[in-house]
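Please find below a note on the structure under review. The points are numbered so that each may be taken up separately.

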Amino acid sequence: MSFHPEMRYESGMHVSQRELRPDGEPFAFTPANRDRLEQIATHYPAEHRRSAVIPALYIVQEQQGYVSAPAIRHVAEVIGCTPAEVDDVVTYYAMFFRQPVGKYVVQVCRTLSCALRGAERVTAEISKTLGISVGETDPTGTFTLMEMECLGACDRAPVVMVNNEHWHECQAPEDAGRLLESLKASGEAALTGCHLEVERD
Amino acid sequence: MDPVLTSHVREPRGATLDAYVGRGGYEGLRKALGLAPAQVIDMVKASGLRGRGGAGFPTGMKWQFVPKDSPRPKYLCCNADESEPGTFKDHVLMERNPHLLFEGCLIGCYAIGAKVAYIYIRGEFSHVQRVLEAEIEAARAKGYLGKNIFGSGFDCEIYAHRGAGAYEAGEESALLESLEGKRAQPRLRPPFPAVVGLYGCPTAINNVETLCNVPLILTNGPEWFASLGPEKNGGPKLYCISGHVEKPGVYETSMHVTIRELIDKYGGGIRGGRTLKAVIPGGSSTPVILPDQIDAQASFDGLVKAGSMLGSAAIIVMDDTTCMVWLAENLMHFYRHESCGKCTPCREGTDWLLKILRRIERGEGTMRDIDLLADVASNIGGKTLCPFGDAAVAPVLSTIQHFRAEYEAHVREGRCTCPADWRAM
Ligand SMILES: Cc1cc2nc3c(=O)[nH]c(=O)nc-3n(C[C@H](O)[C@H](O)[C@H](O)COP(=O)(O)O)c2cc1C
Ligand code: SF4
Ligand code: FES
């Protein structure tokens, strides 16, 4: 909250008014995932296990789609740090989802090189097709639409990233609606991912 | 200049260990292990190699700052965060030539006395992580890394560590924090990471492209390396060309090249035969340059002379349809989103700059707003904990400097004054 009369923060909400997130289902790593995490933890000195917090959160997200409060507590216990320290990480990094998301999280890059080639129209097209705004999930729970900042593939602008890892490059704005259809029909195979182009031929 | 870093990127299976060894790979490491660590550093210093991550700091000197007599373990961190808007070169090297990077890491570790190197990859590069991890396993199985490499008694491990979406993690001290499992927020310096870095131990941090040049220096000699480019700007360089050009992409050449050649010869010229309006020569945080400046040499020193910077060699090209107020707003959105929030001028200032730019772009601004932008910007630049603050204000200040008339037209006419359908073009 700002105290300057003309200046008001966008959310307009004081910290004390913020609602706590619902707790969600209890969480524990599956034994296989726990083993994977322990394997990753060997990359760091034993007294610096905290380095494995980000990999642990990725595994959480793979297992349950988003990072819930019980998952944060579980990660803290497994790593040997406080839940606050894990929450600090979850709230900072853009790739962790703190609420349940759709089956396909479609993120459109909105930074300069993509914007110069029509990224705004890609977002508008997807938003129109799904009838949702940026940040929302469609009623069927299939798609969540988000915007993201430059993902380092500006020569293939505009770029769309799905589920934090699969890319669709050179997305013609007028074809954005069709991309959703093919995603629904054939899943991630619908994406170009042409960064592996050479390996494919 | 014939490409040397990217000469094999189009070869199917060119990324594998066998292919790399087949073209003479790991010979630089073999040579390095026959020398004393100080001799390796001397060779890198003699080559004049400057960091490719943004600042152009001499790599040999950086390695020399790592105290040799410290009883603590030492680390090498490879900065593969590649988040500067417009930059997309490092992932090409990692996907298509990963062993070149490993060889550079191993030589770096040997030179500074480290036994572990971490490659910090940005979160969006999970495909890169998969390639790196598979190739690390392949290299370990054949004894190129692990214990007693080439029977020399030198042990070294390389791990790929993936971040989770944060531009600021590319700043070197924030990268270390992130690698320690915390928020990517910079540390106060001094002490510098060379002395107190990862886990409080001496650490060298180098960009991917920087480390990829190191094996070439060992195999071909420092003189060869220096002779590739202009004085003090030696070696091969990768340029990322994006925006309004016909053929966006990554191109390798020497730093003799000019911005004009990069746009016309490599980038295929401005798309649709339109005319050039402005160029951002080194990633979003470098000041824009104008069409009459594009004969500047695209080298570290050449672009400083032109009033800008080479940065990460990310050349973003804008044609005459581009609104410069919109451009400043777009980049300010990026900076507000990515500010790590540790220091007040940057955290608050980027938010206010974005608000003011938005209202000018929408046609709701006043003439006073233009000066207000410059005023707020002057309270961020040079007053922050890390160089992010200077980076964030560069696009605003340079567009006001060169395109003030465009800002004023927005205010006067109460609308965006660029062609109405320019975003559709
Ligand atoms: C805000 C900010 C972001 C940065 N992002 C990157 C990056 O994504 N990749 C990179 O290599 N260097 C980045 N740097 C530069 C690094 O701090 C550091 O200078 C560089 O990794 C050193 O490597 P070099 O000497 O090989 O260039 C960034 C710097 C700042 C201030
Ligand atoms: S300048 Fe910005 S990014 Fe850098 S420490 Fe301050 S708040 Fe963080
Ligand atoms: S601006 Fe979209 S990938 Fe870089």
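The points that follow concern the basis of the model, the interface, helix packing, salt bridges and backbone geometry.

1. Basis. This is a predicted model, in which local features need pLDDT of at least 70, side-chain atom pairs count only at pLDDT 80 or more, and totals for chains, interfaces and linings use all residues. Residues are numbered from 1 along each chain as its sequence is written, chains are lettered from A and ligands numbered from 1 in the order in which they are written, and side-chain values use heavy atoms, with hydrogens and water left out.

2. Extent of the interface. Chain A places 50 residues in contact with 72 residues of chain B (contact means heavy atoms within 4.5 Å). The buried area between the two chains is about 5100 Å², and carbon and sulfur atoms give 53% of that area; buried area is the accessible area (1.4 Å probe) that two parts lose on being put together, summed over both. On the side of chain A, the residues that lose the most area to chain B are A:Tyr92, A:Leu112 and A:Leu116, together 14% of what that side buries.

3. Polar features of the interface. Between chain A and chain B there are 28 residue pairs in polar contact, both residues being at pLDDT 80 or more. A polar contact is a pair of N or O atoms within 3.5 Å; within protein, one must be able to donate a hydrogen and the other to accept it, and residues adjacent in sequence count only if both atoms are side-chain atoms. The elements of chain A that give two or more residues to the side touching chain B are H2, H4, H5 (112-115), H6 (119-130) and H8 (197-200); helices (H or I, at least four residues) and strands (E, at least two) are DSSP runs, numbered from the N terminus. By class, this side of chain A has 26 nonpolar, 10 polar and 14 charged residues. Here Ala, Val, Leu, Ile, Met, Phe, Trp, Tyr, Cys and Pro count as nonpolar, Asp, Glu, Lys and Arg as charged, and the others, Gly among them, as polar.

4. Salt bridges. Two salt bridges are found across the interface of chain A and chain B, and the count over all chains comes to 41; the rule requires a side-chain nitrogen of Lys or Arg within 4 Å of a carboxyl oxygen of Asp or Glu. B:Arg130 and A:Glu165 form a salt bridge through their side chains, at 3.0 Å from N to O. Another joins the side chains of A:Arg110 and A:Glu149, at 3.3 Å from N to O. A:Arg110 lies in the loop between S1 (104-109) and H5 of chain A and A:Glu149 in the loop between S2 (143-148) and S3 (160-162) of chain A, so this pair ties together parts that are 39 residues apart in sequence.

5. Helix packing in chain A. H2 (residues 53-64) and H4 (residues 83-92) of chain A pack at about 70°, with axes 11 Å apart. Axes are lines fitted to C-alpha atoms, for helices over the stretch in contact, and angles run from 0 to 180 degrees between N-to-C directions. A:Val53, A:Ile54 and A:Leu57 of H2(A) meet A:Val86, A:Val89 and A:Val90 of H4(A). The contact comprises six nonpolar, no polar and no charged residues.

6. Backbone geometry. The peptide bond from A:Ala157 to A:Pro158 is cis, with omega near -10°, and A:Pro158 lies in the loop between S2 and S3 of chain A. B:Pro190 and B:Pro191 are also joined by a cis peptide bond, with omega about 5°.
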